[in-house]
Amino acid sequence: MKNKFFAAFILIITFLTPAFSQNRFPNGSTNGTTEQGRTIRPVEVPNISVEITQPRTGREVAFSVRLLIILTVLSLAPSLLLLVTCFLRFSIVLDFIKRALSLQQVPPTAILNGIAFFMTLYIMWPTFTSIYNNAYKPMSDGKIGLEQAIPEAMEPIRDFMAVQLSDSSGQSYLKMFMNMAKLDKPNDWKDIPTHVMIPSYILHELTVAFKIGIILYIPFIIIDMVVASILMSMGMMMLPPVQISMPFKLMLFVLVDGWGLLTTQLFTSVVH
């Protein structure tokens, strides 16, 4: 019995094997191929190798230190660029006006920073153009080196900071940092070191921004006081005055063209 089943199984395999071995593609189809065409070139991946060696001469040590300083400066460049421009003043004032209007989420902080950035770009465009023409373009053309390009790039920024520090507040901060550094009284702006001028400029910008913010707060504080007095006289002490005063502050800000006045005054405060 087992022999009959085994013979039948062998017979079935014998008849089915040729059927499976033949191609059963539909009529009109194209036979595929696994060979790559001669016109197709494989993707070439370059080899990348990094070699770390110990410096053997003083020149190699100086080059390594210089490279480390350049990478550090490049990582801090965005922050330094924002601190030595008028972006600091614009961003603080815009945040003040948002708080004065009792606005929590509108406009978002990223939008305010974007507005401050493009306003800064508008004001600082002549300075950036001077840096490009006097420092970056000659260095890219090979006419000057990095050691000469850095002072040429700092000169327009120093001129901008010198104009802003010309008032009494800026003079007081310059005098304070000069005394802390135990430096002699300078005869001209060019005699003031950059490491003294930058912190003086930052503190001056903070002072000016806070002064503008206080002035902006005064009319909106008056509206809050009037609304709070009216609510207390009506016995509505449980109702938050901010919810009632905010629409009135927004109407006042829109009616007097607050964004236009604010932008004009900010530009006037920078460009004397």
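Is the crossing of α3 and α7 left-handed or right-handed? I opened my notebook with that one, and I kept in mind throughout that this is a predicted model.

**Entry 1: the helix pair**

I looked up helix α3 (residues 87-100) and helix α7 (residues 194-233), whose axes come within 9 Å and cross at roughly 20°. The cut-off for roughly parallel is under 35 degrees, so α3 and α7 are roughly parallel to each other. As for my opening question, the crossing of α3 and α7 turns out to be right-handed.

**Entry 2: the whole chain**

I stepped back to see what else is there. I found nine helices and zero strands in the chain. Reading along the sequence gave me the pattern α-α-α-α-α-α-α-α-α. I also checked burial: of the 272 residues in the chain, 26% are buried.

**Entry 3: one histidine**

I went back to helix α7 for His-195, which has its place there. Is His-195 buried or exposed? Its relative accessibility is 58%, and the cut-off for exposed is over 50%, so His-195 counts as exposed.

**Entry 4: helix α9**

Next I tested the length of helix α9 (residues 258-270). With 13 residues at 1.5 Å a residue, α9 should span 18 Å, and I noted that its end C-alpha atoms are 18 Å apart, which agrees. Which residues of α9 are buried? My list reads Gly-258, Leu-262, Leu-266, Ser-269 and Val-270.

**Entry 5: aromatic rings**

I finished with the rings. My count came to seven aromatic pairs, taking ring centres within 6.5 Å as the rule. For Phe-117 and Phe-118, I noted ring centres 5.4 Å apart and planes at 80°; over 60 degrees counts as edge-to-face, so this pair is edge-to-face. How exposed are the two partners? I have Phe-117 as partly exposed, because its relative accessible area is 40%, while Phe-118 is exposed, with a relative accessible area of 55%. Last, I wrote down one aromatic cluster, formed by Phe-90, Tyr-122 and Phe-267.

Key
Residues numbered from 1 in each chain as written. Predicted model: local features only at pLDDT ≥ 70, side-chain atom pairs only at ≥ 80, totals over all residues. Heavy atoms only, no water. Helix = DSSP H or I, 4+ residues; strand = E, 2+ residues; numbered from the N terminus. Expected span 1.5 Å × (residues − 1). Buried < 20%, exposed > 50% of the residue type's maximum accessible area, 1.4 Å probe, protein only. Phe/Tyr/Trp six-rings, centres within 6.5 Å; stacked < 30°, edge-to-face > 60°. Axes fitted to C-alpha atoms, helices over the stretch in contact; angles between N-to-C directions. Parallel < 35°, antiparallel > 145°, perpendicular 65-115°, else oblique. Left-handed = near helix turned anticlockwise from the far one by under 90°.
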